[in-house]
Amino acid sequence: MKNALTFLVLGAALSACGGGSDGVTEAPIKPPVVVTPPVVPADSVTVASEAVAKEAGLNVIAGASADESVYDVAADIGDTWRITFDSVKKTYAIRVLSTQFGLSDRSGTFSATTTGNFTTYTATDFSVTVDTRTRLLSGNIKLGGMVSTVSGSGYAVGDVAKLAGSYIFLGAMRNASNGADRFNPKGSLKIAADGAAQLCNGGVFNAQGVCFAVSPQLEAENASLTLVKDAKNGLLVARQGGLDFGIVHVHAGDRGLALFIDRYSRNQENVMRVGTIVAAKQQKIGTEINGSYACAASGISANIVVAGSTATLTNNATGKTHAETITVNKLGLGAQAVDFDGIAVFKDPADVPADYSMFMPVSSSMAVEFSTDRSYMGMCLKK
């Protein structure tokens with residue numbers, strides 16, 4: 001009504017000045033309607049992950065076209081593969097960048113389903129899930145008769161110096177030939193700006209930078225490494241002396257950088273040892289680990305629900321469920337437990353004292369879990 005009155009007054013004023021002498025009244029011009037789109041709040045995990053990637057100077061691994069997304073992964077059999085998805089052609093390609101088993105490249109078609117922030121790619125003997133917020137990939141692949149759990153990132157390292165910092169790690173290794181002599185390294189990793197790194201297995205670094213055991217039951221073992229970019233393929237390689245220790249893939253999690261290490265080397269008896277080490281920036285665990293996780297390793301599928309001081313585990317094959325107690329920021333159990341930020345210990349009261357699980361969050365969407373009674377490491381995606 002206000003606009004109508006305004007135009008009437010304007011028309012009367014024009015008539016009085018002679019402007020309306022022809023008796024024709026012009027239709028009022030309506031102002032354009034401005035529609036303000038709703039403000040969509042930024043996803044906090046995406047924002048944090050992108051900030052971590054930017055600070056660390058990480059670069060998105062480029063594909064041949066804008067339709068392709070590319071991920072470098074550590075396969076727990078001791079290999080490094082590059083996986084490419086073409087979203088238009090619906091094809092995938094696995095390029096073997098490093099192998100201890102003479103494996104060859106593979107390609108095919110895939111189907112994909114997206115639930116929330118996760119896209120799962122499925123093909124024959126192939127199922128991996130990508131967190132679109134952090135470019136994290138995890139899953140299981142059969143290649144050349146070898147079944148492997150894979151984990152990795154859509155990022156490549158630009159500047160080794162920006163990886164400097166303190167990390168904690170969990171790992172699992174075994175003989176490449178027969179899977180025997182299983183070993184689970186765990187402890188602290190320190191990287192300097194010049195790429196020099198110290199891996200303290202079974203311990204932590206004190207104020208003087210010396211690796212010492214965190215428990216009388218553990219023997220601290222220090223390894224000096226050097227992180228260098230391979231000029232041929234651009235991969236980040238960890239070397240111990242003049243020998244390869246493994247290939248390092250860097251993940252930009254919202255909790256900070258994480259490292260997926262394709263671990264391979266020969267021991268003093270010239271036996272090839274293979275496995276995976278996962279390292280995460282060390283920080284305390286809080287209630288952020290609460291939630292439901294889908295976990296898989298070595299053919300075992302399970303669901304873990306974390307709620308406060310209790311973890312409820314369900315074996316997806318048998319349907320059996322049991323509860324375990326949780327102790328956070330500790331390594332070990334009972335009187336033998338020591339402070340160790342970044343690790344949660346799951347304990348089934350019905351098991352013997354030596355049996356328990358270590359649970360280490362890598363980002364808001366992923367954690368790794370190692371069970372002492374099964375000697376393997378699983379990857380857990382948060383639902």
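Is D341 buried, exposed or partly exposed? With a relative accessibility of 24%, D341 counts as partly exposed, where buried denotes under 20% relative accessible area, exposed over 50%, and partly exposed the range in between (1.4 Å probe, protein chains only). The structure is a predicted model, in which local features need pLDDT of at least 70 and side-chain atom pairs count only at pLDDT 80 or more, while totals for chains, interfaces and linings use all residues. Residues are numbered from 1 along each chain as its sequence is written, and side-chain values use heavy atoms, with hydrogens and water left out.

Strands are DSSP runs (E, at least two residues), numbered from the N terminus. K284 is exposed, its relative accessible area being 57%. A further salt bridge is formed by R255 and E288, whose closest N and O atoms are 2.7 Å apart. Here too distant parts of the chain are linked, with R255 in the loop between β19 and β20 (256-266), E288 in the loop between β21 (272-281) and β22, and 33 residues separating the two. R255 counts as buried at 17% relative accessibility, whereas E288 is partly exposed at 37%. K330 and D339 also form a salt bridge, the closest N and O atoms lying 2.5 Å apart. In this pair K330 is partly exposed, with a relative accessible area of 27%, and D339 is exposed, at 59%.

K186, in strand β13 (residues 186-191), is buried yet has no salt bridge. The nearest side chain of opposite charge, that of E221, is 11 Å away; Lys and Arg count as positive and Asp and Glu as negative, with His and the chain ends not counted. Neighbours within four places in sequence being left aside, K186 is in contact (heavy atoms within 4.5 Å) with F169, L170, C200, N201, G202, G203, L218, L331 and M358. Strand β13 also holds G187, which is buried with a relative accessible area of 2%. Residues up to four places away not being counted, G187 touches Y167, I168, F169, C200, G202, G203 and F340. The C-alpha atoms of G187 and F205 are 9.4 Å apart, at a sequence separation of 18 residues.

The largest nonpolar core comprises 28 residues, of which L58, L189, V250 and L259 touch the most other members. Strand β19 (residues 243-253) gives the most to this core, with 4 residues. A nonpolar core is a set of buried Ala, Val, Leu, Ile, Met, Phe, Trp, Tyr and Cys residues joined through side-chain atoms within 4.5 Å. Beyond four places in sequence, L58 touches A53, Y155, A156, V157, V250, A252 and L257. V278 and A172 are 106 residues apart in sequence and 9.3 Å apart in space, C-alpha to C-alpha. A172 is placed in strand β12 (residues 165-175) and is buried, with a relative accessible area of 9%. Its contacts, neighbours within four places excepted, are F183, N184, P185, V274, G275, T276, F370, Y376 and M377.

Aromatic pairs number 8 in a search of the whole structure; rings of Phe, Tyr and Trp (its six-membered ring) pair if their centres lie within 6.5 Å, with planes under 30 degrees apart counted as stacked, over 60 as edge-to-face and the rest as tilted. Y293 and F359 form an edge-to-face pair, at 5.2 Å centre to centre and 80° between the planes. Since Y293 lies in strand β22 (residues 291-297) and F359 in strand β27 (residues 357-363), the pair ties together parts that are 66 residues apart in sequence. Y293 counts as buried at 3% relative accessibility, and F359 is buried at 0%. One aromatic cluster is formed by Y71, F85, Y92, F110, Y121 and F126.

Charges over rings complete the description. The charged end of R263 sits over the ring of F245, 3.7 Å from its centre, and that of R135 over the ring of Y155, 5.8 Å from its centre. The criterion requires NZ of Lys or CZ of Arg within 6 Å of the ring centre and within 35 degrees of the ring normal.

Methods. A salt bridge is a side-chain nitrogen of Lys or Arg within 4 Å of a carboxyl oxygen of Asp or Glu.
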